[in-house]
Amino acid sequence: MHQDTKRCEHATLLAECPNPLAKIESTNFKKNLASASLKCDGCEVRVPRLWICLEPSCRAVVCTTSSSSHMKIHYGSLHKEAVRNACHCVFMNPRTLTIWCYRCECELNPFTEGNLISTDGKRFLKTAVRCMQGKRSKQDGDGTIQDLDLTGLVGLKNLGNTCYMNAALQALAHTPALTQYFQTCEAFIPESRRIEYARQKNIMLVDSFFSFVDSMWSGKSAIFSPAHLVSDVKKFNDMFQGTSQQDAQEFLRCILDKLHDELTYPRKYPDANMILPNIPIQNEKLSKTKAVQLPQQTSVKLSNGTSKDTSRSSNPKAVTTSSLSYASSRSSTSSRSLQSSENSSLVENTEITPARVTAPSIISDLFEGTLESRVRCLSCRKEYIKEDKFFDLSIPIDKKSKIIDDTQDNKNGKDKDGGVLGSFVDSIGGWLSINNRNIKLSDCLASFCATEELTGEDRYRCTQCDSLNDCRKTFKITRLPETLCIHLKRFRYDSYSSKINTYVQFPMEDLDMMPFLKSTDHQELSNSKYDLYALVRHRGVVGGGHYIGYTKHALDGCWYEFDDTYVTRKAPSEVAKMEAYILFYQRKSPHRDEDRTRISKYMTKPLMEIYDKDLLVYISSLWLCRWKYLTNPGPISNHDFLCPHGGINVATTRNVMLMVTPIPRIAWDALVEIYGTDGSPVVNISELESEKMACSICAHEEAELDERRRREEQDVARLDSTVISDGQLWYLIGADWLKEWHAFKAGDKPPGPIRNSQFLKDNGQPRAGMKRGTDYRGINVAVWKYLQNIYGGGPEFVRAALDLYAPDPKTAPVSPVRNNSRSNAYSHQQLNQLPHPSTLYQPQYNMYQHSVPSSNPYGRGQVPNGKPRKA
């Protein structure tokens, strides 16, 4: 049947019947459905092969198991075509919520657009779907049907013990800034490399996650199967293979780490001293733009001999002029948290390890915080200060440790044994000793941040003493994230496994993190309160049970329970009583909210339609997304879509019009007044739309890069071989780097230096468990020297056989390699006759000789408190 030519009126007729939701709204019916005891009225078939007749006075439960199904029998015996209101032809599957009209032979989806179903019919079917989707209980009051016609209220199918994934995914899908990013910044999301080699070896989780978010908020269905996303997660992480239940928090960390790696912002480094080419960017009347001054770099000498750069400027908004300026400002915040320790850093007995600066992403913008750990040796007084980044805080519920009052230390550094503990420590000790007392979340955080003694098996190895000594340890948060994810460690693995079922009282609003924050930044201190917007609950015991998600909907402000495919509205008082496992808090920023409300008035749809084009400018959609949700979005940057020369690189930009948002000039000026700019030019609408900003410099560089791709491919094809000559060695190379080089040939950016660290330890020895083809590959000496001359890196690693664990030819005699096939390897004389790579390309490619930071700066989400166990 063609939906655009025919129309089904049966849903409309059902909507006109009295009591249209009879039976399917009853508690007993929902209970039988949930327990899978519902069965066909004519046989013993059970869900999911059952269908319910939506005729209110009927509600027969039938099945479709064969050509002579009970659905067909039911329709044929009761549907009288002569009677207009006889509608025993519309059926609903109670598990999949699919609606089928037997007479019209079509599926009725009330969530899609089209004229197949009337407006009244859609309203009735939506209500029926939501009624079937929700769960009923005695606490539901008068039992009135709730209007759940909102996007985002989508249940997730359980694909076999995947409730832990579903609960975590619901929390991510209802993180407003994250969903806004995927809905408005699609042009910034990297595409999978469009070559077979890279697609087989480099799984891009962002593809399936983007489809997941789109399906959750498109409003096209009440149930979604995340099979594609789950399959991709299992491909790059063996932990989630199979059908056994895993831990929701470990899954959350895994998916956030992977998305962070894939969603780093565009890297543009415009030089402030660069003379820009004559590219029209703005009209003369729009040329007045406020730019932030550049900071002056200073260096602080640390005790370990290294230097730490700090940024200082007379301008309070000073940042760097790159599109990573937000990362720079974030890292400087982290550095400021250690400034109170800089005096002690000059003391020989202090060792400081600052947090690593990494490229930012929407994930790090939302979830990344910084945690400082201080460990002080009680023997030599040496203090170890280390900062680590975290995506979630794992805090204990029943912390059994020696918590001491560190404030009693005197100025000479001598500890006072005994004494009266402070009221802060008293409150912690009180609830630790009483099992039947309700514990507050603030108590758990206080216990996590309290000073404790590391003795016995917990002693710390002091490098100065070169021994395990008694120490004191303290945690402090040095930078709060926009989205605070708190994991309550309910699973304990000691001599036996157990779960802590203690109820932890958590605030729904105004969680104040100031007592646990170490910062002198006024903005950080004034925005230390959070509101809860999602939580994950675990019901059951260790090794089993069930995960359920609860989220606060951004549109109506109501709370909903997501129990796989079931979606039920909940009162805030009910949510507050849940045994929380993971809590998601959103940072409050009253002053920023006032600024957003004031400036957003300039960008309303009626005003945008009447503005003259000369009064409109373009702004990066990526920065605008950060501004709407982040407390500190950083200075305005249009370098997200501009090339380093101030124009548009047409060859590499997929569609610049999807990367920008028009705003009135008055809104631009208001934003500049608050946040400043990173030197980005004002982009005039008419000039961008007329393609006057196409950069000729980038076009020339891209042509040279294409020539380089072609030449490298040809040269390596001539040098490559599947065998090596007698007496030669295999040069092993990292498979990941080789994959990036293949992607470069297909049009991607050039890879950095060769990285053999994937299969080698820091001492140059092979790692355990490395597989040929997956972790490393072999190339001959000619290819190795050719690539090494261009890209640098290493280290050089050779074997007589194509086996990482074969004997080292440097220490063992090399057995002659006899090949049955003809060798294609080039001799050294032939290799020397090839043009040297340095003569083939321009000097700007020497940048690839520089070192590349590790691709895993977070240690896969680890925090100093240790990794939680599986449920």
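Q: Across which strands does helix H21 lie, and at what angle to E31 does it run?

A: This is a predicted model, so take what follows as a reading of that prediction. Helix H21, residues 665-675, lies across E30 and E31 and runs at about 95 degrees to E31. Helix H20 (residues 621-629) also lies across E30 and E31, at about 80 degrees to E30.

Q: In what order do the strands of that open sheet come?

A: Read it as E31-E30-E32, three strands with antiparallel pairing. Strand E31 (660-664) and strand E32 (683-684) are the edges, each pairing on one side only.

Q: How many bridges join E30 and E31?

A: Five, in the antiparallel sense, with E30 covering residues 616-620. For a landmark, find Leu616: it stands opposite Pro664 in E31.

Q: Which residues touch the most other members of the largest nonpolar core?

A: The general idea first: in soluble globular proteins, nonpolar side chains tend to be buried together. Here the largest nonpolar core has 69 residues, and Tyr181, Phe209 and Ile255 touch the most other members. Helix H5 (residues 163-173) supplies the largest share of this core, nine residues. Apart from it lies another core, of 39 residues, among them Cys8, Phe29, Ala128 and Ile223.

Q: What is Ile255 in contact with, leaving aside neighbours within four places in sequence?

A: Leu169, Leu172, Leu205, Phe209 and Leu229.

Q: Where does Arg381 lie, and what is its phi near?

A: Start with the background: most residues other than glycine have a negative phi, and most peptide bonds are trans. Arg381 has a positive phi, near 70 degrees. Look for Arg381 in the loop between strand E11 (369-377) and strand E12 (383-390). At 29% relative accessibility, Arg381 counts as partly exposed.

Q: And Asp564: does it count as buried or exposed?

A: Buried, because its relative accessibility is 13% and the cut-off for buried is under 20%. Asp564 has a positive phi too, about 55 degrees, although it is not a glycine. Its place is the loop between strand E27 (559-563) and strand E28 (566-570).

Q: Which peptide bond is cis?

A: The one from Gly794 to Pro795, with omega near 0 degrees. Pro795 lies in the loop between strand E36 (793-794) and strand E37 (798-799).

Q: Stepping back, how many helices and strands does the chain have?

A: There are 26 helices and 37 strands. Of the chain's 871 residues, 50% count as buried. Among contacts between residues at least 6 apart in sequence, 73% join residues at least 24 apart.

How values were computed:
Residues numbered from 1 in each chain as written. Heavy atoms only, no water. Pairing = 2+ DSSP bridges. Helix = DSSP H or I, 4+ residues; strand = E, 2+ residues; numbered from the N terminus. Contact = heavy atoms within 4.5 Å. Axes fitted to C-alpha atoms, helices over the stretch in contact; angles between N-to-C directions. Core = buried A, V, L, I, M, F, W, Y, C linked by side-chain atoms within 4.5 Å. Buried < 20%, exposed > 50% of the residue type's maximum accessible area, 1.4 Å probe, protein only.
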